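Please view the model while reading.

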2 protein chains.
Amino acid sequence: MNQLSERYLEDFAVGQTFGSGRLRIEGERALAFAAEFDPQPFHLDEAAARRSIFGGLTASGWHTAAVTMRLLVETELKPAGGLIGAGLDECRWPRPVHPGDELRVECEVIAVRPSKSRPAQGLIKLRTTTLNQHDEAVLVYVVNMVVQRRSEAGEALRHPTEDRPFGKVVLAGDAQRPLSPQKPNPRIRKAGP
Amino acid sequence: MNQLSERYLEDFAVGQTFGSGRLRIEGERALAFAAEFDPQPFHLDEAAARRSIFGGLTASGWHTAAVTMRLLVETELKPAGGLIGAGLDECRWPRPVHPGDELRVECEVIAVRPSKSRPAQGLIKLRTTTLNQHDEAVLVYVVNMVVQRRSEAGEALRHPTEDRPFGKVVLAGDAQRPLSPQKPNPRIRKAGP
């Protein structure tokens with residue numbers, strides 16, 4: 001990994017966006033993934049799939065999620081220490097993925113905050129959308145990622161009141177489901193460009 | 001699939017629990033999954049993994065999620081029409097999974113509600129916990145699943161006021177993050193045993 005291109009917590013700012021390349025969901029691979037992890041008729045059998053809620057063969061939603069991870073790893077997001085997801089706030093599969101679909105990912109930083117208990121790290125919140133070749137969303141989630149902070153000896157953000165508890169912070173772009181408290185923390189804005 | 005063992009919306013009730021068998025995460029398989037979908041040093045390289053936040057090689061969180069799906073398919077949950085996830089309300093990976101870990105799944109029905117717009121179906125909400133061989137949670141999510149309703153000509157639940165909008169419903173066991181409105185809908189209880 002190119003050390004120079006790694007981003008620390010202080011390098012992330014609300015509103016930054018990252019896009020991925022494209023990855024095609026091959027039919028054989030979708031079948032093999034489903035056979036191993038999601039062996040249900042609408043993922044494995046053409047005729048059964050036509051009679052199902054999907055109207056045709058689909059990839060497992062977990063295959064879509066796994067491919068999304070692959071695409072994210074290859075974006076310019078590149079947090080120092082790697083892409084480490086603590087969890088998702090929400091996750092939806094608004095449309096099925098069919099064999100032959102070509103997927104890409106767009107993501108946006110919607111919150112940045114230092115950890116109150118672990119001074120060496122913080123969290124970024126990313127809204128991540130996986131789109132097919134028709135620019136239709138097939139997977140949308142909000143993920144919380146653990147990101148390393150740059151040394152406090154550097155020029156970056158300092159947190160003299162680190163012992164004061166941080167609440168969850170809502171910032172622009174996170175309109176779909178507000179977290180609490182709703183008031184943006186003014187210190188977070190310092191992480192901006 | 002055994003038709004007799006399939007469950008319709010009316011067969012689900014809040015408080016029902018389902019457990020899975022066990023599945024071992026083989027080291028070679030974890031490496032192959034990570035190489036394809038999550039190619040990061042802490043999933044691929046023993047030495048790099050020791051220096052990482054995890055302190056040793058770990059399976060991709062998406063591998064854990066995929067294995068969880070496999071285990072769910074094999075439980076007695078068996079909704080008519082298949083296990084069809086509309087989305088997750090929340091999802092966390094509280095502990096890493098290491099090669100050799102043996103996983104199993106426990107899940108609990110925490111809400112059951114008919115769809116207001118699609119009379120033939122409804123939603124169940126499941127709290128799903130994936131545990132390792134030490135009974136430690138490694139993945140926890142709340143999933144909304146689309147489930148078919150039994151024909152209205154049958155003995156099952158009827159909804160004369162189906163045109164009245166349903167809100168999201170909170171029922172017992174969903175204490176971790178309440179939804180709104182908080183008041184249980186009395187009609188939901190009719191879906192019980």
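A nonpolar core is a set of buried Ala, Val, Leu, Ile, Met, Phe, Trp, Tyr and Cys residues joined through side-chain atoms within 4.5 Å. Buried means under 20% relative accessible area, exposed over 50%, and partly exposed in between (1.4 Å probe, protein chains only). The largest such core has 70 residues, and those with the most contacts inside it are Trp62(A), Leu77(A), Leu88(A), Trp62(B), Leu77(B) and Leu88(B). In soluble globular proteins, nonpolar side chains tend to be buried together.

The model is predicted: local features need pLDDT of at least 70, side-chain atom pairs count only at pLDDT 80 or more, and totals for chains, interfaces and linings use all residues. Residues are numbered from 1 along each chain as its sequence is written, chains are lettered from A and ligands numbered from 1 in the order in which they are written, and side-chain values use heavy atoms, with hydrogens and water left out.

**The interface**

Chain A and chain B each give 36 residues to the contact, where contact means heavy atoms within 4.5 Å. Together the two chains bury about 2,900 Å², of which 64% lies on carbon and sulfur atoms; buried area is the accessible area (1.4 Å probe) that two parts lose on being put together, summed over both. Of the area that chain B buries against chain A, 23% is supplied by Phe37(B), Trp62(B) and Leu88(B), more than by any other three residues. Leaving aside neighbours within four places in sequence, Trp62(B) is in contact with several residues of chain A, including Trp62(A), Met69(A) and Tyr141(A).

**Salt bridges**

A salt bridge is a side-chain nitrogen of Lys or Arg within 4 Å of a carboxyl oxygen of Asp or Glu. The structure holds 21 of them over all chains, and two lie across the interface of chain B and chain A.

| Pair | Closest N to O distance |
|---|---|
| Arg29(B) and Glu36(A) | 2.6 Å |
| Arg22(B) and Glu102(B) | 3.8 Å |

How exposed are the partners in the pair between chains? Glu36(A) is partly exposed, with a relative accessible area of 28%, and Arg29(B) is also partly exposed, at 24%. Within chain A, Arg104(A) is buried at 14%, whereas Glu106(A) counts as partly exposed at 40%. In chain B, Glu102(B) is partly exposed, with a relative accessible area of 30%. Salt bridges that share partners join Arg104(A), Glu106(A) and Asp135(A) into one network.
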